[in-house]
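My entries are below, in the order I looked things up.

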Amino acid sequence: MSIAALRDENERLKALLAQTQAALSEHQGALAASEEARRRLEIILGELRRDKFGSKSEKLRPDQYHLPLEDVEIAQGILDAAQERAEKVIQGRSRSDPDQGSHRNRGCLPTHLPRVERIIEPPSTLCPCGCGAMTKIGEDVSKRLDVIPAQWRVLVTRRPKYICRRCSGPVVQAHAPEHVVPGGLPTEAAIAHVIVSKFGDHTPFYRQAEIYARQGIRLDRATLGNWSGRACFHLQPIADHMRHHLAMADRLFMDETKAPVLDPGRGQTKKGYFWAIASDDRGHSGPSPPIVLFRYAPGRSGAFAQQFLDGFGGRFLQCDAYDGYDRLTEVVRPQGPWTLVHCWSHLRRRFVKLVRNSKSPIAEAAVRHIAQLYAIEAMVRGSSPDMRLAARKTHSLPMVAALRSWFEKQLSMISSGSTLAEDIRYALNHWQGLTRFLEDGRLELDTNPVENAIRPVFLTRKNALFAGHEIGAENWALLASIVATCKLNDVNPVAYVAETLEAIIDGHPHSRIGDLMPWRFRKPSSQPQYGPG
């Protein structure tokens, strides 16, 4: 073979090798993309499984650590009872002997509970020797916690009529009191119980009707709904004044959750949303009371957020990174556009999911970094804004700067199409909003105050499934606002709604509606008392 032929063959082989290497590189890239797609699908599947069957919280509440021990404690109770029975048989102790068992939780009975006494006398107080009656020299007293199931009663109101027999004067009789349901069955306390059972304790009307039926009281859910609707009408001024209070707050929280509403004619539900607007200054011991107001909207567009905040004078809005809120940064107002403060809890949640699904060491390190920020916040919670800001400048600021550099470095080392890269880009894209808490000691690290307030609405929705119509959803939002605000202020919502309805029905002047706000309602002396309005 000539030299020219050898050269041609060599060139051909080189070209073939280059083509083979290019094809191999292409196949390796396709394989890597396929593997990354598989991992993403596994993560999505894991999230769906956890959303359906798993815990929704990123950390355990302290009480949850005791859940595995509850079955053990039940078994221990059985053993204790068996042992006590055996000791009685062995020692021959009678049933009248003092209790020798465990006294767990003794002495913890609240003083405000009514005391009902019973006296257990011996079969005879006569001396067996025939000396006559014996003398009492003392007694053993035991106090035990008892319960009477929720008891309904009939309140009978009589209005006597009087007339003078000696003249033709008019008949004298007290005026009939006004009621939420004129001439109807329920007292205001009964209506308050029905409202709080649904909007505070997540018990739909149909389940309440079943509970009442066990006591022989036949009330259908339409009746319970009518009572609640009438109460909603009278409580509207309370919600309006709560909105007025929120409109004066300089810093607000906002979030939204789905609210399915029945769509007449189709036999299906349509998607609506409850929007929550909250103010909570307890983190920096502010003077304003905590308030949450729910509003219903048929969609999730940022236009609804703008509509609900129309007329509000606040400057900071703490929210998640949903792009619907971005339009608020362009709203023309005398105070200027809203400044968005984003939530570290939402960022942490992304990395927590990755740790659960893929055991990613980078995601695990990110969770540890964010936990350090929360540790600092825990130390300064309840302190003044100046103290909080100083601690953040000293401790949190260097951590945040280091975390950003670390994120950028990790992003350059991992696949750009991975879920981890997507989560890191989420952090860097919202970095300005995430770090605004370093500029003002009143700002919080997350939106947990509003998320915690909106969670009961989610539970009520889960049990009730859907609202009957959009007006019903608006009434749902109003009543849920009042009940949730009572809870935020450590006020008994049943007592508050009952007494507030009575005051409004009795003609409480609208000019003094501020006196009826939940934070002005009586509460234990250990709780903070908020000022007028």
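The entries begin with the ground rules and then go element by element.

**Ground rules.** I am working from a predicted model, in which local features need pLDDT of at least 70 and side-chain atom pairs count only at pLDDT 80 or more, while totals for chains, interfaces and linings use all residues. I number residues from 1 along each chain as its sequence is written, and side-chain values use heavy atoms, with hydrogens and water left out.

**Helix 14.** I take helices (H or I, at least four residues) and strands (E, at least two) as DSSP runs, numbered from the N terminus. I checked the span of helix 14, residues 493-505. The expected span is 1.5 Å times one less than the number of residues. For these 13 residues that should be 18 Å, and I find the end C-alpha atoms 18 Å apart, which agrees.

I then looked at the N-terminal end, which Asn492 caps: a side-chain oxygen lies 3.0 Å from the backbone nitrogen of Val494. I count a polar contact as a pair of N or O atoms within 3.5 Å; within protein, one must be able to donate a hydrogen and the other to accept it, and residues adjacent in sequence count only if both atoms are side-chain atoms. After the helix comes Gly507, with a positive phi near 95°.

For burial I use under 20% relative accessible area as buried, over 50% as exposed and in between as partly exposed (1.4 Å probe, protein chains only). The buried residues of helix 14 include Tyr496, Leu501, Ile504 and Ile505.

**His234.** I found His234 in helix 5, residues 221-247. His234 is buried, at 19% relative accessible area. Leaving out residues up to four places away in sequence, I list its contacts (heavy atoms within 4.5 Å) as Val180, Leu501, Ile504 and Ile505.

**Aromatic pairs.** I pair rings of Phe, Tyr and Trp (its six-membered ring) if their centres lie within 6.5 Å; planes under 30 degrees apart are stacked, over 60 edge-to-face and the rest tilted. The count comes to 13 aromatic pairs. The ring centres of Phe274 and Tyr296 are 6.1 Å apart and the planes stand at 75°, so I log the pair as edge-to-face. Phe274 is in strand 4 (residues 268-279) and Tyr296 in strand 5 (residues 291-297), so this pair ties together parts 22 residues apart in sequence. Both Phe274 and Tyr296 are buried.

I also logged Tyr496 and Phe521 as edge-to-face, at 5.5 Å centre to centre and 90° between the planes. Tyr496 belongs to helix 14 and Phe521 to the segment after helix 14, so the parts tied together are 25 residues apart in sequence. Both Tyr496 and Phe521 are buried.

**Cores.** I define a nonpolar core as a set of buried Ala, Val, Leu, Ile, Met, Phe, Trp, Tyr and Cys residues joined through side-chain atoms within 4.5 Å. The largest has 79 residues, and Ile238, Trp275 and Tyr325 touch the most other members. Helix 13 (residues 470-488) gives the most to this core, with 11 residues. I also noted a second, separate core of 29 residues, with Phe316, Ala321, Trp344 and Leu428 among them.

**Positive phi.** His202 is not a glycine, yet its phi is positive, about 65°. I place His202 in the loop between helix 3 (188-199) and helix 4 (205-213), and at 18% relative accessibility it counts as buried. Asp490, also not a glycine, has a positive phi of about 55°. Asp490 is in the loop between helix 13 and helix 14 and is partly exposed, at 43% relative accessible area.
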